[in-house]
Structure formats: structure tokens, C-alpha cells
Amino acid sequence: EDFDASAADVAAARTLAAGLPPDDPLLLEIELGEARAVWRAARFAEAVPPLQEVIARARAAERPEPEIVASVMLAAALVDLRELEAAKKVFDRVIPMCEAEGDKFHLGAAYTNRGWLWSSSGDLVRCAEDLELVIQLAREIGQAALERMATYNLAEARLWHGSLDEALRLARRSEAVQRAHGEGAAHFDQMLIARILAARGDDAELAMMLTVLSRTPLSSADQILVDVLGCAARRAPTADWDLALLAVERELGDDVKLELAHLASRRGRLGDPHRAQAAERASAHPIWVRQISAFR
């Protein structure tokens, strides 16, 4: 997961490959690596054209592996850009390709990203089905990173669906996989556990988890989230929630903004300006529109 080092290696490879003929197979791998670096930087609109070019060249050369890798990333980028029908077409092609090639790792990655498509469409049932498939595949091939990613995403989907007992079980499982295999940073799982504890109203355990997180270097976005959860843990007045939610507006995505506004509303601490804003946002959101009454 050292994306900076990976991007640096690709740049070095590009320099070393100077002078190779245009049809050298290595150049396709370098182009895939360059597109992946842009995708990993979450510059999804910028990543789409080079990924499409890699797919076209790989298909022409009858090289399924780079086509599969680029397609899995392209589909996810299209979901982020809200081009959901285009994303579905990519998934409909790449999933059978993975099965035909016996590529269970990228099959799991494709199902993981398709879960994001269903979530973005508001279909949490199909999202859960795909993520459960990923967990099964990951266990079959011994891929802890893939299992953890799917388990985390499924826990978050259950949180947004209101299935809090299952969400907490899954989030603890994700943390356990991380601790056993060292896949990624533990605080991501701990943050999710804290969010679920807040939604459940388990304030004593939430306070303990926030103490653990206070000893961890956090990004500014994560710190903003922790500040809101702190309002829940200490049962802060509405004025404190209002200040914390103002910071949320600056840095966090719509899903988490609505999750935290919903949390404040359930606690009776969502101020009128935030309530009106959340209701408007929820009305256009495929998941949270089902709980719009909480913001009115």
C-alpha cells in the first residue's frame, strides 16, 4: 500500500524504457502503472482516458491481465463520477473475464467495486451480496487485505442501513484481520467501530475508543470525525454539535455528512440550519432518502 513508492517506480521504469519500440509489451505495463498512480490519487476524471486506452491496447494485443486490472479501476472511477450505467457495463465485461482467467484476486476486487456501484444506486441488498462473495473468495485464496476491505465496506453499509449489531460484528472482524495480518492501519477499523458505537448509543465504550484514537496521528478529516463523535461521547450541547458539524461540511463526503447529521438528530442535537441542509442533501441521496424523516 505504499502508493508513493509505487508511483516512483513507474516513473523510473518510464525513464529506463526510453527508446523501446512503440509495440514493446513493457510499455503497456508502464502505461497501466501510470494510470493506476492517477487513480490511486483519487483523480478519477483524469484517470478514465488512460485506463480506457490501456484497455483498448490490451484487448487488441489479446492480453487479458492488464485489461482486467485497468477495467476494475475504470469501473470504480466511473462510479465515483456517477456514470453508473457505464460502470455497470464495465463490470458486466470484467467479471466474466476474471472467472474465465481463474483470476480470483481481481474477481474479488471487481465484486468489491461493484458493491460501491450498488451502494451508490441505493441498493444495499445487492451491495451486501457482492461483499459477502468477496469475503468468501478472499478466504479461499488467503487474501487478508481483500477480506478486510470487503468486511470493512460491508460493516459500513450495515451501519447506513441501520443494522447496527451486524455492523459492529463486522467492524470488529475487520479490525481482527488487520491485527492478525498487518494489512493497513488499525485506526481505520477503530474509527468505524467508534462510528457504530455512537450510532448504537454505547457511549462508555465509545469514549474508550476515542481515547485510543487520541493517541494515533490522524488526518484532518479523521480528526473532524473524531470531534463529532466526541460530542456524542460526552453528550455535548447543541452548540458544540453545530460547531463540529460546520467542520464536517468542509472536508467529509456526503455519506458521512448525512451519517453524522443523522447521529446528531437521533441525539436531539441537530440545529435548524444543519437540519435543513441535511434534509435537502438526503432528498437526493439514494441511501439516506429512506431516513429523510429524521432530518425534518
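The structure is a predicted model, in which local features need pLDDT of at least 70, side-chain atom pairs count only at pLDDT 80 or more, and totals for chains, interfaces and linings use all residues. Residues are numbered from 1 along each chain as its sequence is written, and side-chain values use heavy atoms, with hydrogens and water left out.

**Helix α15**

Helices are DSSP runs of H or I with at least four residues, numbered from the N terminus. Helix α15 holds 12 residues (272-283); at 1.5 Å a residue it should span 16 Å, and the 17 Å between its end C-alpha atoms agrees with this. The expected span is 1.5 Å times one less than the number of residues. Buried residues in α15 are H274, R275, A278, A279, R281 and A282 (buried means under 20% relative accessible area, exposed over 50%, partly exposed in between, with a 1.4 Å probe and protein chains only). Seen down the axis of α15, these buried residues fall within an arc of 165 degrees, so they line one face of the helix; the arc is that of the directions from the helix axis to the C-beta atoms. On the other side, D272, P273 and E280 are exposed. The cover over the buried residues of α15 includes α13 (238-251) and α14 (254-266).

**Core and buried residues**

A nonpolar core is a set of buried Ala, Val, Leu, Ile, Met, Phe, Trp, Tyr and Cys residues joined through side-chain atoms within 4.5 Å. The largest one has 96 residues, of which L229, L260 and F295 touch the most other members. Helix α4 (residues 64-80) gives the most to this core, with 10 residues.

A236, in the loop between α12 (220-233) and α13, is buried at a relative accessible area of 2%. Leaving aside neighbours within four places in sequence, A236 is in contact (heavy atoms within 4.5 Å) with C231, W241 and R269. S119, in helix α6 (residues 104-120), is buried at 12% relative accessible area.

**Salt bridges**

A salt bridge is a side-chain nitrogen of Lys or Arg within 4 Å of a carboxyl oxygen of Asp or Glu. By this rule there are 27 salt bridges, including those tabulated here.

| Pair | Closest N to O |
|---|---|
| R200 and D165 | 2.4 Å |

E29 lies in helix α2 (residues 25-40) and R63 in the loop between α3 (44-60) and α4, so this pair ties together parts 34 residues apart in sequence.

Methods:
Helix = DSSP H or I, 4+ residues; strand = E, 2+ residues; numbered from the N terminus.
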